[in-house]
Amino acid sequence: MDHARRKFMDAFKTSGSREMGKRGLTYFKLLYKIEEDIEGRASEEKLRVRQEKSKSILVEMKEWVDLKKGKVPPKSVGGLALSYFSNE
């Protein structure tokens with residue numbers, strides 16, 4: 001996941017993909033917040049919370065990525081971020 005996040009950070013740093021990078025990073029921020037909140041909990045509890053909270057974020061992000069992929073040049077910084085996430 002960190003590698004995909006870095007690709008969206010690269011997109012955020014470029015003017016042509018700034019908004020897409022920002023949205024991608026927002027999804028990762030939500031996911032990392034969940035991980036921060038469950039730190040130190042039992043494995044079973046972590047799994048339950050991830051399934052309850054993280055899964056819906058990942059599903060929404062995947063839908064967004066799939067929608068954007070057809071509209072962004074695949075070799076652009078943003079297109080590379082989308083492809084990287086899709087292939088992870």
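Predicted model: local features only at pLDDT ≥ 70, side-chain atom pairs only at ≥ 80, totals over all residues.
I take contact to mean heavy atoms within 4.5 Å. Residues are numbered from 1 along each chain as its sequence is written, and side-chain values use heavy atoms, with hydrogens and water left out.

Entry on S54. I looked up S54 in helix α3, helices being DSSP runs (H or I, at least four residues) numbered from the N terminus. S54 counts as buried because its relative accessibility is 7%, where buried means under 20% relative accessible area with a 1.4 Å probe and protein chains only. Apart from neighbours within four places in sequence, I find S54 in contact with L31, I34 and V49.

Entry on the core. A nonpolar core is a set of buried Ala, Val, Leu, Ile, Met, Phe, Trp, Tyr and Cys residues joined through side-chain atoms within 4.5 Å. The largest one has 18 residues, of which F8, F28, M61, W64, V65, L82 and F85 touch the most other members. Two or more residues each come from α1 (2–12), α2 (18–38), α3 (43–69) and α4 (77–87), and α2 gives the largest share, seven residues. Not counting residues up to four places away in sequence, F85 touches A4, F8, F28, L58, M61, K62 and V65.

Entry on α1. Which residues of α1 are buried? I list A4, F8 and A11. They lie on the same side of α1 because they cover an arc of only 50 degrees around the axis, taken from the directions from the helix axis to the C-beta atoms. These buried residues of α1 pack against α2, α3 and α4.

Key. Buried < 20%, exposed > 50% of the residue type's maximum accessible area, 1.4 Å probe, protein only.
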